[in-house]
Amino acid sequence: MGIYLFMVYKVIGDDGVAISEQYPLVVSTWPFKEAVRAAWRAVDGNHSAVDAVVEGCSACEELRCDGTVGPGGSPDENGETTIDALIMNGVTMEVGAVAAMRFVKDGIRAAKLVMQHTKHTLLVGEKASAFAIAMGLPGPDNLSSADSIRKWSKWKENHCQPNFWKDVVPLDSCGPYHAKARIDVKEGGCSTRYLMGVAEPRSSLVGPHNHDTISMAVIDKRGHVAVGTSTNGATYKIPGRVGDGPIAGSSAYAVTDSGACVATGDGDIMMRFLPCYQVVESMRLGMEPRLAAKDAISRIARKFPDFLGAVVAVNKNGVHAGACHGWTFEYSVRSPATDDVEVFTVLP
């Protein structure tokens, strides 16, 4: 479990506001070093935490980090790539998010536009795309790539296995699917009819390279906190699926008076528990980041012992710690105490 701590000093800025020399701070899931560097350049250059999160997540979208962020990765059952993203301002508690967004590659910038220019929190699907394009983002674009189409074609050749369906009967190996018939009326009575085998373990559907998110927290020089996420979701997901990426409190959460949390993993499971809300609330109540992170993960593991996931807790003083379940997890940090990005390893 990684913990990072450094001393607190205060100086006074030109506007008379106290600036902590422990800040700025950038924390991100996974070793997405270029994304952290992009966020650091912004926040170290006196940009706000919100703007730094946008720069960091946008860099990951452009780099297509691990093939799970930005365009060109994680095809759904139809072979299409869609985008989920979120941004949250921990000072104002404003949130902007997009989900299942088609044809627009700039997920985090679209999320920021939702936060800045609407009174809504979340826009979805083609209407989110239309909004983003109307607000000036490039599009419509084909978000698939040669690699994503190749991956999807191999999956089709493998009879569309594994997939995210359960208790269904396909008309052929790749659907369409129908709810499993449980009662088979026969002459003389009824009998239970099981037409499918045991459900595929979720651990075979989720992993660092097929179901991942950049989730980033930034504390700027004024001590203001923001978080953001971007992902193209679970590989081979059912079209229309929305994971935890654009859900405030699940993939990320920020309250400047308490701290922030970022998360990654099996979003379909994690979003049922709002682990990042739990982490930040625990820190508000006085729990240290290490214990807050561990507690949030253990709540999920008690109900779903085979799930894969991780959280990083960052308190308002910049102390951070991670916890994970089912895999070895890494997260990245840049602070004034280091010359470059540091990667911390968290064991399950």
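This is a predicted model: local features need pLDDT of at least 70, side-chain atom pairs count only at pLDDT 80 or more; totals for chains, interfaces and linings use all residues.
A word on terms before I start: UniProt positions are given in the numbering used here, and annotations may be inferred rather than shown by experiment.

First, the annotation. The UniProt entry, which is unreviewed, lists T213 for "active site". In the model, T213 sits in the loop between β11, residues 189-192, and β12, residues 214-219. Is T213 buried or exposed? Its relative accessible area is 5%, and the cut-off for buried is under 20%, so T213 is buried. What does T213 touch, leaving out residues up to four places away in sequence? The contacts are T29, W30 and F32, then T229, S230 and T231, and finally T264.

Next, the cysteines. Taking a disulfide as two cysteine sulfur atoms within 2.5 Å, the count is three. In sequence order of the bonded cysteines, the pairing runs 1-2, 3-4, 5-6.

I will go through them in that order. C60 is joined to C65, with an S to S distance of 2.1 Å. The torsion about that S-S bond is about -130°, which makes the C60 and C65 disulfide left-handed. C60 and C65 are both buried.

The next pair is C160 and C174, at 1.8 Å from S to S. Here the angle about the S-S bond is 100°, and the link of C160 and C174 is right-handed. C160 lies in the loop between α5 (146-157) and β8 (168-170), while C174 lies in the loop between β8 and β9 (177-179), so the bond ties together parts that are 14 residues apart in sequence. C160 has 2% relative accessibility and counts as buried. C174, by contrast, is partly exposed, at a relative accessible area of 21%. The cut-off for buried is under 20%.

The remaining pair is C261 and C276, with sulfur atoms 2.2 Å apart. The link of C261 and C276 is left-handed, with -60° about the S-S bond. Since C261 is in strand β15, residues 259-265, and C276 is in helix α7, this pair ties together parts that are 15 residues apart in sequence. Both C261 and C276 are buried.

C57 is in no disulfide; its nearest cysteine sulfur belongs to C60, 7.3 Å away. C57 is buried, and its relative accessible area is 0%. C324 also counts as buried, at 9% relative accessibility.

Last topic, helix α8. The helix covers residues 289-303, which is 15 residues. From first C-alpha to last, α8 reaches 22 Å, close to the 21 Å expected at 1.5 Å a residue. Which residues of α8 are buried? They are P289, A292, A293, A296, I297, I300 and A301. Looking down the axis of α8, the buried residues fall within an arc of 165°, so they line one face of the helix.

On the face of α8 turned away from the buried side are the exposed residues R302 and K303.

Definitions and conventions: Residues are numbered from 1 along each chain as its sequence is written. Side-chain values use heavy atoms; hydrogens and water are left out. Helices (H or I, at least four residues) and strands (E, at least two) are DSSP runs, numbered from the N terminus. Buried means under 20% relative accessible area, exposed over 50%, partly exposed in between (1.4 Å probe, protein chains only). Contact means heavy atoms within 4.5 Å. The expected span of a helix is 1.5 Å times one less than its number of residues. The arc is that of the directions from the helix axis to the C-beta atoms.
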